[in-house]
Amino acid sequence: MSESMNTKLEDRREFLKTGAVVAGVTLGPGVLLYSVAHSRAPEEGASGKQRWGMLIDTTKCGDGCNDCVTACNTENGLSGHTGPQDSQWIRKVDIRDLRTGYVQSLPMMCQHCENAPCVDVCPTGASMKRADGIVLVDRHSCIGCRYCMMACPYKARSFVHEPLTDQNPEVPRGKGCVESCTFCVQRVDRGESPACVEACEAKGHKAMIFGDLKDPESEVSKALKSTDSVEVRADLALNTGVRYQGI
Amino acid sequence: MAQQLCINQGTCRTGQFIALLALGGLVVLGAMYAFFTLEHHGHILTGMNNQIVWGLPHVFAVFLIVAASGALNVASIGSVFGKQVYKSRAPLSGMLALALLAGGLAVLVLDLGRPDRLIVAMTHYNFHSIFAWNMIFYNGFFVIVGLYLVTLMDRRLKGWTKPLGYTAFFWRLSLTTATGSIFGFLVARAGYNSALMAPMFVIMSFAYGLAVFMVVQSSMYRWNGMILDEGVRRRMKNLLAVFVGASLYFTIVFHLTNLYFAKQWEFERFILLDGGIYTTVFWVGQVILGGIVPLILLYLPRSQDAQKMCFCFLAPLLVILGGVAQMYVTIVGGQAFPLVMFPGHEVQSSFYDGVVHAYNPSIYEWLLGMGGVGVTFVLTVVAVRVFKFMPQDDFKTLQSRRGTD
Amino acid sequence: MAKLAGYLRAGLRPGLRFIVFLGASALLAVPSFEAAAGVNLPKLEKGKGEKCVEDTATMRRNHMDLLKHHRDDTLRRGIRTTQHSLKGCVECHAGSKTGSVASSKEDFCVACHLYTGAKPDCWDCHATKPGKRPVNQAAQPTASPLMPSHGGSQ
């Protein structure tokens with residue numbers, strides 16, 4: 001456990017205080033409320049008072065729908081090719097219960113674990129977790145050893161096998177480094193939600209809810225509180241930031 | 001001048017020496033070619049992909065690294081356990097350990113996605129990472145074994161041999177434990193995730209290292225037209241047999257544990273029964289050619305002719321072959337088996353979830369992997385020529401001690 | 001040991017001599033190209049805007065440190081200020097012909113780095129052309145209707 005109960009309590013207290021202030025200010029239009037809660041000044045940086053996470057409802061996830069994958073590819077400048085050496089940050093996985101034959105479809109990507117194996121095993125510390133729980137690869141110190149790919153239980157990571165050009169300016173990526181879903185950190189830092197979530201919502205499936213797990217008032221926290229959700233490979237006790245409902 | 005340099009050799013055979021050097025150099029050159037090609041084009045040219053992320057280069061690299069620590073065993077038996085026969089072989093053993101480690105590390109580094117950032121790897125350590133600890137162990141191994149070698153070769157420093165020998169012994173045990181743990185700590189994958197990985201690697205390192213030592217020693221004696229003392233040979237072949245037997249034992253226990261304790265039935269079924277190439281390499285390469293056949297060869301009674309007393313070249317050569325096979329099954333086989341994310345479910349995706357991953361190594365991987373062997377080979381060939389690594393047996397003491405050792 | 005060292009020395013001496021010879025000729029050869037060509041300062045296109053984020057002398061000497069500091073702040077701590085961001089460099093200094101800072105030898109970054117013999121690896125991963133998206137805009141209150149709602153506000 002990287003957090004003691006005390007800090008959690010303190011966070012809670014801190015939150016209640018700010019919450020009270022926010023509530024006082026925002027009896028007016030709701031838009032103001034979330035802009036206060038979610039956007040932060042550029043110089044502020046990621047904070048441990050937040051933890052970004054996601055709830056994926058597999059019952060709402062469209063069978064054959066690939067919009068989250070396409071949106072991710074566009075946002076992050078991935079080719080969209082699916083050869084064995086191509087990068088895939090998010091993928092649709094179809095699962096069939098061997099006993100009952102029940103078929104489901106769900107998106108799988110970096111689960112942004114609290115106790116991430118990739119962060120533990122990285123020899124140089126390139127694989128890292130931001131204060132707000134987003135797991136990233138620091139390409140400036142990644143040596144391309146691929147041990148994180150061996151360690152990830154979700155096969156969430158890809159290795160860039162060839163030189164790249166024309167990257168999205170906000171998403172640098174290049175040959176010889178390992179990469180994976182960033183929760184669209186460039187968007188999250190602007191106060192937007194990840195591209196996949198946006199696409200899923202635009203399609204009308206609303207199978208993915210993104211938000212701050214430490215904010216009890218966020219949509220994702222409320223949804224998590226009211227429904228039964230699971231971690232994939234819960235046996236590994238990684239406390240994933242992405243949880244699934246319906247499997 | 002060349003005459004001066006081939007010390008402790010009956011005839012110099014400079015021509016053949018240069019031929020050997022050229023052969024090794026060519027292999028190293030091949031690895032350099034592969035390295036620069038991959039550095040330019042990326043790993044797209046290899047058979048490695050996002051499913052099989054560690055391939056043939058790692059098979060060779062890990063084998064060489066494990067054999068390196070095992071090769072030091074001969075010296076340890078001499079310095080730590082005080083056996084005279086092994087003491088006189090300590091310099092050769094230490095030198096081989098360094099050459100093997102250099103070869104293994106070379107492959108590991110040349111295969112990195114960003115080899116240009118090696119300096120980052122050497123200056124930024126994440127101490128949670130067993131991989132980072134390995135780097136410390138590797139670097140320390142060079143220093144400790146290097147110093148140990150110096151004390152072995154300079155009589156004035158003889159007093160330091162024992163403490164450094166002990167340090168080197170414990171260091172090499174830690175190193176192999178750490179190397180095994182690289183795999184043992186991979187909790188996510190059915191093929192790894194086992195506390196048995198570390199001790200199994202230690203035992204296997206004993207076998208692989210001694211096997212390499214015996215092959216090199218036999219070659220040196222033959223090169224010089226000398227015959228290794230019968231007693232020495234008997235002792236070493238028995239030791240190798242014990243190590244090979246112990247490796248087989250650990251292999252059995254490892255798989256039984258998976259079957260009965262860790263409930264990795266599906267993975268075991270894959271490796272032992274229907275994993276195609278991996279099943280074949282496991283049974284034919286690791287178990288039969290690398291285990292059972294050498295055991296038979298080592299214990300087979302042969303003619304009393306001293307020259308042919310045992311298969312002291314063939315048997316260790318097979319052990320080496322089996323070792324590479326074992327690494328292939330462990331490293332590539334462990335990844336080829338799909339990750340189990342949803343137990344009890346059939347899984348399908350664009351990212352090859354739920355399917356056994358294919359691996360077809362390209363020429364570049366072979367070049368890189370063999371390059372490591374080449375580096376070891378060149379270093380060894382040069383070292384045994386310019387330094388006094390030929391074991392110097394004092395046969396009188398040997399005779400008198402034969403009963404006691 | 002002394003004997004051994006003797007052997008070694010005997011073996012290394014011709015080799016060493018050769019290496020020294022190689023090194024010396026390399027040292028002599030490389031500058032001579034430059035000398036023949038004369039010192040041509042790179043011709044740099046003027047960047048957009050009135051002035052750079054720091055004065056020219058500071059930028060010339062310290063831009064790499066500023067960038068390095070900023071990169072760690074942004075990546076590891078999520079600080080998204082723009083003053084010393086590489087994206088900022090690209091936005092102002094992309095060449096008018098190529099639209100890039102590093103596509104041709106005349107482009108801003110390449111021209112100067114060629115002159116100084118520096119080989120940064122920024123462009124292995126970073127885009128050399130400005131993006132279409134506005135640089136680091138803090139979320140507007142109406143940025144996205146898909147934003148996870150907060151409380152009962154939506």
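Reply: Axes here are lines fitted to C-alpha atoms, for helices over the stretch in contact, and angles run from 0 to 180 degrees between N-to-C directions. Note that this is a predicted model.

Start with the helix pair. Helix H6 of chain B spans residues 90-110, and helix H8 of chain B spans residues 130-153. Their axes come within 9 Å. They cross at roughly 155°. Angles over 145 degrees count as roughly antiparallel, so H6(B) is roughly antiparallel to H8(B). The crossing of the two is left-handed.

Now the residues. H6(B) contributes Ala90(B), Pro91(B), Gly94(B), Met95(B), Ala97(B), Leu98(B), Leu101(B) and Leu105(B). Those from H8(B) include Tyr138(B), Phe141(B), Phe142(B), Val145(B) and Gly146(B). Tyr148(B), Leu149(B), Leu152(B) and Met153(B) in H8(B) also take part. By class, this contact has 15 nonpolar and 2 polar residues, with no charged ones.

Next, the contact between the chains. Chain A puts in 45 residues and chain B puts in 38. On the chain A side, strand E2 (90-97), helix H4 (117-121), helix H5 (147-151) and strand E6 (158-159) each supply at least two residues. E2(A) gives the most, with 7 residues. The side of chain A that touches chain B has 23 nonpolar, 10 polar and 12 charged residues.

5 bridges join E2(A) to strand E1 of chain B, residues 345-349. The two strands run antiparallel. Asp97(A) stands opposite His345(B) in E1(B).

Conventions:
Residues numbered from 1 in each chain as written. Chains lettered and ligands numbered in written order. Predicted model: local features only at pLDDT ≥ 70, side-chain atom pairs only at ≥ 80, totals over all residues. Helix = DSSP H or I, 4+ residues; strand = E, 2+ residues; numbered from the N terminus. Parallel < 35°, antiparallel > 145°, perpendicular 65-115°, else oblique. Left-handed = near helix turned anticlockwise from the far one by under 90°. Contact = placed C-beta atoms within 7 Å. Nonpolar A, V, L, I, M, F, W, Y, C, P; charged D, E, K, R; others polar. Pairing = 2+ DSSP bridges.
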